[in-house]
Amino acid sequence: MTITCIEELRQLARKRVPKMFYDYVDAGSWTEYSYRANEADLRRLEFRQRVAVDIAGRSTASVMLGQAVAMPVAIAPTGLTGMIHPDGEILAARAAKKFGTPFTLSTMSICSIEAVAQATDYHPFWFQLYVMRDRQFVANLIDRAKAANCGALVVTMDLQVFGQRHKDIKNGLSTPPKMTLRNLLNIAGKPRWCRNMLATRNRNFGNIIGHASGVDNIDAMVEWTAQQFDPRLSWQDIEWIKQRWGGKLVVKGIMDADDARLAVEAGADALIVSNHGGRQLDGVSSSITVLPEIVAAVGDRIEVHFDGGIRSGQDVLKAIALGAKGTYIGRSMLYGLGALGEEGVTMALNIIRNEFDLSMAFCGKTHVASIDAGILRQSVMFRYPSPGRNHTFSGRCV
């Protein structure tokens, strides 16, 4: 099978993953305006092609949070990854380890912190933390991440309440999923997924069941989770988490320059410009349009990372050009995982690195540190609305 771009992985994943779980990935909240804007606004940025420049000896290697990486790309935390492909978090972490890029495990993962650590021989990965009302549970999660040799803690700031995703409601995606006749028939038509799911024991939320007080089964977890996401989350909580953690701390979900400055004051080591993939506040700006103002607001006082809409190595290059020191792929990784398991994640990473490398070359750059806004045409840098971005995005290959 010849796969040339992320879009082809998406198409294959759509065929192989049960609809309720595929749609969980490939959806935004409400009208999906912000979800589509993330991709559309990246596409609007155009490169300045250079010629007769020595582009021998190129390297995509970089550093994120003091860690050497094969390219300035990390795997973003994604919930329910183990339902896109059985043992999905383990497979993605293994692929990231071999490739040389950070993997970030979600609090709402199917495979537990301990399972991922054991499967990767305790190779450092990053852990994403949701702040729950039960602070003892949060403290225990932090301690478990320490014990698993996690290299950074990523605190998601924009999920105190849940954005409404129409596709999830229509598909009956809940905990546990509603097994309607339509859903059962759809799952039955995915024999590869069914076979792999039957072969694994990882089918529940491994970081919660058996770890939260009184939560020892899926029904108890549903009741517990409904009460636990804390709408009172504040920057004082970040200071407490940083003290408890003691290592590299990243805050995710920053979309405003004032919040970026507060992240600096709270002592975070990095922030991630992210609108949660357009899955929370619909109508918020795309991540790429606010990236430059956030970089300008914080300067070099904190490492600025970028998340939102990356479907190619060219998208990575554009974000780096606008000041990001690192980027994250969520859906691009999940498309690869759903299509071909661990092999698909590796394929997605290789596709993005190849596109990043070749695009650097055409722009006359040989190293990540030399990339700046000079590789982009200024005339198209968000000075006018992007045409047609309310329309359904049909995907594209670079």
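A: Start with handedness. A crossing is left-handed if the near helix is turned anticlockwise from the far one by less than a right angle, and right-handed if clockwise. Helices (H or I, at least four residues) and strands (E, at least two) are DSSP runs, numbered from the N terminus. Here helix 7 passes helix 12 in a right-handed crossing. This is a predicted model: local features need pLDDT of at least 70, side-chain atom pairs count only at pLDDT 80 or more, and totals for chains, interfaces and linings use all residues. Residues are numbered from 1 along each chain as its sequence is written, and side-chain values use heavy atoms, without hydrogens and water.

Q: At what angle do the axes of helix 7 and helix 12 cross?

A: Axes are lines fitted to C-alpha atoms, for helices over the stretch in contact, and angles run from 0 to 180 degrees between N-to-C directions. Helix 7 (residues 135-147) and helix 12 (residues 235-245) cross at roughly 40°, their axes coming within 10 Å.

Q: Which residues are buried in helix 13?

A: Buried means under 20% relative accessible area (1.4 Å probe, protein chains only). In helix 13 (residues 257-265) these are Ala-257, Ala-260, Ala-263 and Val-264. Seen down the axis of helix 13, they fall within an arc of 110° (taken from the directions from the axis to the C-beta atoms), so they line one face.

Q: What does Asp-357 touch?

A: Contact means heavy atoms within 4.5 Å. Asp-357 touches Arg-58 and Thr-60, not counting residues up to four places away in sequence. Asp-357 lies in helix 16 (residues 331-362).

Terms used. Buried < 20%, exposed > 50% of the residue type's maximum accessible area, 1.4 Å probe, protein only.
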